Amino acid sequence: MTTPGVGPVVALTYRATVDVPARFRNSKAVGAVFGLTPSQHQSGEIDRIGSISKCGDAMMRTMLFEAAQAMLMRSAKWSWLKAWAMKIARHRGMKKAIVALARRLAVIMHRIWVDGTEFRWTREVAAA
């Protein structure tokens with residue numbers, strides 16, 4: 001719940017949906033499981049990339065979408081993640097930015113769960 005936009009309902013839904021974080025080889029695979037990656041339409045020489053695949057858990061996808069929307073619209077505190085999403089919104093539109101942020105939130109939440117760390121508000125790397 002240290003991640004902005006993520007409250008107790010989203011955190012519990014995420015924990016119940018993922019269940020065992022070790023079953024994913026890397027954190028990027030979580031976005032695909034929830035159906036937040038682009039679908040592809042291929043036939044012969046045609047290769048089109050469409051909207052999100054929606055092949056995973058619909059409730060978790062909805063929760064992540066709402067968390068991303070709350071982070072962009074309601075949260076007054078800025079972070080590197082919000083700045084990244086706002087840059088996408090400026091170039092591609094708000095809805096695509098919210099979906100991209102939802103996928104990124106899923107990846108970050110998995111990494112936080114595996115590492116046992118908290119969300120870092122800045123991109124600065126801690127000196128080792």
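Predicted model: local features only at pLDDT ≥ 70, side-chain atom pairs only at ≥ 80, totals over all residues.
Me: How many salt bridges does the structure hold?
Reply: The structure holds one salt bridge, a term for a side-chain nitrogen of Lys or Arg within 4 Å of a carboxyl oxygen of Asp or Glu.

Me: Which residue forms a salt bridge with Asp115?
Reply: The partner of Asp115 is Arg111, and their closest N and O atoms are 3.2 Å apart. Side chains of opposite charge can pair when their charged atoms come close.

Me: Where do Asp115 and Arg111 sit in helix α5?
Reply: They are four residues apart in helix α5 (residues 94-115), so about one helical turn separates them. Helices (H or I, at least four residues) and strands (E, at least two) are DSSP runs, numbered from the N terminus.

Me: How exposed are Asp115 and Arg111?
Reply: Asp115 is partly exposed, with a relative accessible area of 45%, and Arg111 is partly exposed at 38%. Buried means under 20% relative accessible area, exposed over 50%, and partly exposed in between (1.4 Å probe, protein chains only).

Me: New topic. At what angle do the axes of α1 and α5 cross?
Reply: The axes of helix α1 (residues 8-18) and α5 cross at roughly 75 degrees and come within 12 Å. Axes are lines fitted to C-alpha atoms, for helices over the stretch in contact, and angles run from 0 to 180 degrees between N-to-C directions.

Me: Are α1 and α5 roughly parallel or roughly perpendicular?
Reply: The two helices are roughly perpendicular to each other. Angles under 35 degrees count as roughly parallel, over 145 as roughly antiparallel, 65 to 115 as roughly perpendicular and the rest as oblique.

Me: Which residues make the contact?
Reply: From α1 the contact uses Val10, Tyr14, Arg15 and Val18, and from α5 it uses Ala106, Met109, His110 and Trp113. Contact means heavy atoms within 4.5 Å.

Me: What classes do they fall into?
Reply: The contact of α1 with α5 has six nonpolar, one polar and one charged residues. Here Ala, Val, Leu, Ile, Met, Phe, Trp, Tyr, Cys and Pro count as nonpolar, Asp, Glu, Lys and Arg as charged, and the others, Gly among them, as polar.

Me: How far does α4 reach?
Reply: Helix α4 (residues 80-92) has 13 residues and reaches 18 Å from its first C-alpha to its last, close to the 18 Å expected at 1.5 Å a residue. The expected span is 1.5 Å times one less than the number of residues.

Me: Which residues of α4 are buried, and what do they pack against?
Reply: Trp80, Leu81, Lys82, Ala85 and Ala89 are the buried residues of α4. They pack against α3 (58-73) and α5.

Me: What follows α4?
Reply: Gly93 follows α4, and its phi is positive, near 115 degrees.

Me: And Met86, what does that residue touch?
Reply: Met86 lies in helix α4 and is partly exposed at 26% relative accessibility. Not counting residues up to four places away in sequence, Met86 touches Leu72, Trp78 and Met94.

Me: Which residues have a positive phi although they are not a glycine?
Reply: Asp19 has a positive phi of about 65 degrees, and Lys54 has one of about 55 degrees. Most residues other than glycine have a negative phi, and most peptide bonds are trans.

Me: Where is each of them found, Asp19 and Lys54?
Reply: Asp19 is in the loop between α1 and α2 and is exposed, with a relative accessible area of 54%. Lys54 is in the loop between β2 (46-52) and α3 and counts as exposed at 56% relative accessibility.

Me: Is Ser27 buried or exposed?
Reply: Ser27 is buried, with a relative accessible area of 7%. Ser27 lies in the loop between α1 and α2, and, leaving aside its neighbours within four places in sequence, is in contact with Val107, His110 and Arg111.

Note on methods. Residues numbered from 1 in each chain as written. Heavy atoms only, no water.
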